[in-house]
Amino acid sequence: MEKSNNSSEVNLIFKYAFKDLSRNYKKIISIIITLFISLFILSAIFTIEDSLKKELNDNAKALLGGDLEIDYNRNEGNLKLVTKVKEFATISQMIEFSTMVATINRDKNKSLFTRIKTVDEKYPLYGTVEYEPEGAFDRMQNEPNTVLINESLSKTLNLKINEQIKVQDKLFTVIGIVKSVPDVSGFVAFGDWALAGKQTLEILKLNGIGSFLNYEYKVKFNENDDEQEIEERIENIFKDDQKVKLRYPENSASGLKRIINNFSQFLSLVSISAMLIAGIGVANTLLSFINQNNMSIAVRKAVGFYSGDIKILYYLQLLILLFVVTTLAYGSSFLIVPFVDQYLSDGLGLNVLPVFSIINFIKIFLIGLLVLIIFSIPTINSIDQVKASNLFRNVFQNLEFYYSKKSVILSFLLLSILVLVFSYNSENPIYSIGYFAAFFVCLGVFFLLSKLIIFFLKKFRSTPNISLKVSIKNITQTKSITPITIMSLGLGVTLLLTLALVGTNFKREIAKSIPNIAPDYFFVGIQKGEKEKFETNIFEMDPNAKVEIVPMVSSGIVKINGINPNTYISSDNDSYWVIGSDRRSSWVNEVPEDNPITEGKWWDLTKSNELQISLDAKVAQDLKINLGDIFTLNIYGREIDGKIVNFRSVDYRDLSINFAMLFNPQFANNIPHEYLATTKFKNIENFDEISMLEVLPSLSMIKIADYLNKVTSVLNKVFMAVTLISAVTIIIGLIVISSAIMVQGKVKEYQNLVFKIIGFTKRDVILSSIIEFLIIFNSVILIATFFAVIASKFIMENLFELVWKFDFKVLLTLGFSIGLVTLLLIMLTNLKYLNPKVYPLIRNQ
Amino acid sequence: MSILLKLKKVNLKYQTGKDTIKVLNNIDLITKKKETISIVGESGSGKTSLIMLIGGLEQATSGKIFFQDHEITKLNEDEVSAIRKKNIGIIFQSFYLIPNYTAVENVALTLELNKFKNPEKEAKLLLDRFGLKHRFNNLPSQLSGGEQQRVAIARSIAMKPELILADEPTGNLDTENSLMISDILFNYVKEEGSSLIMVTHDPKLANKAKRKIKIKDGKIK
C-alpha cells in the first residue's frame, strides 16, 4: 500500500478503524471503563462547580442582601453617615444576635442557644424569603413578640406554629416556619435560627457582649443610578470611619465560596490523579491488546500496510472511543446535580441547576485526549517492533513500550499543555502545578526503585528454591516489565494509601470525643452583679460542679506600633481574625494551665498602671509581633496602649477557655466587664437549663456536645463526598493494577504453559507469582507510604484545614489490607494464566 | 523388554456446542522400554491428541493409561507433573521455548526444577553436544528454526527421560535441519536407551522408527 496521502486511503483507515473498534470493544472493555470513570469524575466536578458558581454569581446581590453592605460588626455605627446614604439609596437595617430560646408550658421544657436576625420591613432588598403560612412575614413585622423559626429549630425544640417560646424573660409566639432566606452569606448556613421584626431588639434590650450582636446595613441603589458612581460616593462618605467594612456582591457568600473552592481544588486533584492513573491503565491495557493482535499486525505489515498507517488506525480508534466516552461521561455528570441541589437547598436555599457548557466539554475532551495521547505514544509506538518476518520464524514476540527521542519530546510538549490546561483557571494554580510536579517525581522515584530492585536481585540469583529463582528471573530478565509494574502499582498504592489516610483522618476528626479537659457548658452574658447568683445556682444543682469564671471585655486592635494593623497581615492569613473585628479578651493572675508561656515573662507587678498583653504565640508569629511591641486597643471607645510581654501556646481545640489576648488583672480590673464561665458537671443530669434561665434570663448557654454534633454533621457530609470520590478513584487504581498484570498476560500464559509441560506443579507456579508480587509490593509500599503520608497531611491541613495525625497502627493495617486486596486481585487476574490449558494453546485455539 | 506404557480402551471426546466429536476411539497400545514408535495418519486423525494423553497434558474421557507402575489416568495434575518432570520429555513442532530466557536458561530450567547441582553447566554440555556452543546466551528470537528445535530437544532430554514424546519435531524445518534433528533424536534414544513416540507426516522419518502405527478416524489401524 502506498503511503496514505489521498482521501481513499484515509477512508480505508477510517473504515478499518470503525471495523476494528466494533469487533474489539469487548477486549478493551477495561479501557472503556477506566476512561469513563475518570472522565465522569472530571465532568461531575466541572459541572457541579460551574452550576454552583453560576448560582452564586446569579444571586450575588441576593446573597449579599443588597448592592452593597455596610457592616459595623458589634456596634450600631455612625448613624449620621448611614443617614447620608439614605438620601440617595434604600437602606435595610439588620441586626443579628444570639440568645437562649426556651419552650414553655411543657412537662419538660427545652432551651437552645439560637441566632436571631431582626429585619425591617424593607428586608429582603433582593431575593425572597420562603416561609409558611401565608402572611406570616408581614405579621412578624407588624406584631411585636412574634418570630419565624427555621425548620431545624422547629425540629430541635419540636415547636409548632402558634406555640409560645421564651426569649430571655420575654414571651414570643412562633407564627411561621422559614424555609430559606436569600442572604445566607452573613448568616448561619446550618443550624438553628429565627427571624424577628426590628422592634425585637428594643423588647429584649440587648447590649451585653455575650449576645454576639452584629449590625449591618444593606443598601439598594436606585434603578437608573450608575453603580460605580454610587459605590464611590458611599466609599467617600465612610472613608474616615475605621470601624466600618463595606462589602460588595462579589464578596458575597465568601465563606461558602472558600469552602467550594477548597473542596473543588481537592476534587480536581483527585480527578486529575484518576485521569493520569487511568492513562497508565490505558497504556497497559492497550499494550496487552496490541500484544494480542501481534499476529494481525504482522499480517497487515506482510500485506503492505505501513507501520505509520497501523499506528494511525489505533490512534483513530482511541479518538473515536474518547469522543463517545466523553459525551457519555459529560452527559451522565448532569445526573449528579439534582443530588447536590437537594443537599444544598436544604441548608442554604441554593437551587443548583445543571449548566451545559461547551467550553467545559471541550476542556474535558482535551484533557482526556492529552492524557490518552501522552500515555499511548510509547504503547502505539511498540507497533514498530512487530516484524512481518515473525510470521515465518514462528517466534512469539512480546512487545514493550517504545520511546524514541521524537516521541519523548512530543510527550513532554503535550504534558506541558496538559499542565497548563488543567492549572489555568484552577482555584490555586500553584497547588495544581505542584501536584503535577509531585506526581512525576513519584513516577520517577518508582522507576528508579524498579531499577534498584533489578540491580540487587541480579546479585542474588543463586538460590535452590525454583519458585524464588523463577520469580527473580521474571523480575530481572531482559525486557522485563518490572519498571512499568512498579510504576503502576506504586502510583496506585500511593493513591489508595493517600485517600485511605485522608479518610481515616476525617473519620477520626468526626469521631473525636470531647477533650477530657473540655467543660460541659459555656455560659456567656453573665453581668457584673450576677456572678455570685450564677455560681450559687450552679452549685445548688450540682455541688461538685467545677466552675471557672473569667472576666471578659470586648476590644479592637486599632494600631500596632502606631500604624494600621492591616499593614501587618493580609486578609487571607489564618490569624487575620484577631485584627479583623473586636475580640473578646480576659485577664488572669496566673498562667493558665493549658496555655504555657513560650516566650517572655508573666505580668510585671511593678507596672500595674500599664496595660500588659499576653498574646497567642501563633498569632504573634503570623503578625510578626515581637516582645515589647505596642498594641493600641479600643476599649469602650477609649484608645489604650498595651505592651506585649509574653507569648502563650494556645490550643483552641481543647474547648476550654482560651483567649488570643490576656491582660494583666492589676490594670484590667478597672475596665467595665462581664463574665464568661465554663462548667464541668459531676452529675450533668442535675443541671436544668430552664431553671437557670429563670434566674438569669439574659444568660446564654452553649452545650459543648450540641456544638460538636453540629460540626460532626457538617464533617460527615464532607466525609461522605470524599469517601465517594475516593472509592471511585480506588476502583480506577485497582483496574490499573490489574492492567499492569494484563500486560504480562500473554507472556505469563505462554511461560506457564512451558513450565507445565516440563513438569512444574501448580503450587510452584502460584508460589513464584506470590514471591514476585511480595518482592515488588514490599519495596513499593515503603515508598508509597512515604508519599501518602506527605500528600494526606497536605490535603488535610491545607485544603480541609483539619488536623492530620500520624497513626502507625492505621498505616500498618492499611498497608496490609491494600497488599492483601492487591494480591488477591493479582491472583484473580492471573488465575487463567497460572494454570493454562495445554491442549487449546498447542492447537493454537 | 519390560512394558513402559499401556493404554487400555482409551477414548477422548470433545463437546463443541451440541455436537460431540470423537477424537480417539477405544485405543489399546502397549509400548516397551527402548522402543521407538512413529505415529502417522491424516490431519485430524488424533495423532497429537494421543501423545498429549500419554504425556498427561490432556485427560482421557474414558479408559486407562499406565506409565511404568502408575495409572496416570487416576492421578491428579500435580502428580502427573511429578512423573513428567523426571520421566517424560516432550518436543513440539512449534518448539515452545520461553522467549525471554536464553538457550542455556531454557535448558537449565528443567534441571533446576529437578534440583540439579550445576544446572547451567549441564545445560551447556547438552547444548554443546547439539552444536550450539556459540548460542548459549542467545534468546530464542535470535536463533534459527533448527537451532530452536535443538534447544527444545536439549531441554526435553536434559533429565534423561524414559520416554520422549515428539509432535512433528521437523514440521517447521527445512530438509537439512530435519535430517539433523532426526539424527540427533534417534542417536540419543539409541545411546541413552530411552523410548520415543513420534508423530510425523514425513515418511522417511516415520520409517526410522522400529514400529509404525497408523491412526485413522481416532482408531489404530
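Let me start with a term: a residue is buried under 20% relative accessible area, exposed over 50%, and partly exposed in between, with a 1.4 Å probe and protein chains only. At 59% relative accessibility, Leu335(A) therefore counts as exposed.

Before going on, the conventions. This is a predicted model, in which local features need pLDDT of at least 70 and side-chain atom pairs count only at pLDDT 80 or more, while totals for chains, interfaces and linings use all residues. Residues are numbered from 1 along each chain as its sequence is written, chains are lettered from A and ligands numbered from 1 in the order in which they are written, and side-chain values use heavy atoms, leaving out hydrogens and water.

Back to Leu335(A). That residue sits in the loop between helix 11 (307-333) and helix 12 (337-348) of chain A; helices (H or I, at least four residues) and strands (E, at least two) are DSSP runs, numbered from the N terminus. From Val82(A), Leu335(A) is 253 residues away in sequence and 47 Å away in space, C-alpha to C-alpha.

Now chain A as a whole. Its secondary structure comes to 27 helices and 20 strands. Of its 845 residues, 56% are buried. Taking contacts (heavy atoms within 4.5 Å) with a separation of 6 or more, 81% in chain A are between residues 24 or more positions apart. The assignment, automatic or from a database, gives domain 1 (8-62 + 253-427), domain 2 (66-251), domain 3 (439-516 + 704-845) and domain 4 (546-680). Between the C-alpha centres of domain 1 and domain 2 of chain A there are 50 Å.

Next, chain B. What is the order of the 4 strands in the open sheet of chain B? The order is 2-1-4-5, with antiparallel pairing; two strands pair if DSSP finds at least two bridges between them. Strand 2 (19-32) and strand 5 (70-71) of chain B are the edge strands, each pairing on one side only. Helix 1 (residues 47-54) of chain B packs on the sheet and touches strand 1, strand 2 and strand 4. The direction of helix 1 makes about 120 degrees with that of strand 1; axes are lines fitted to C-alpha atoms, for helices over the stretch in contact, with angles from 0 to 180 degrees between N-to-C directions.

Strand 1 (residues 3-16) and strand 4 (residues 62-67) of chain B are joined by 5 bridges. Among the partners, Leu7(B) goes with Ile65(B), and Lys6(B) with Phe66(B).

Last, strand 4 and strand 5 of chain B form a hairpin with 2 residues between them. Phe67(B) stands opposite His70(B), and Gln68(B) in the turn has a positive phi of about 50 degrees.
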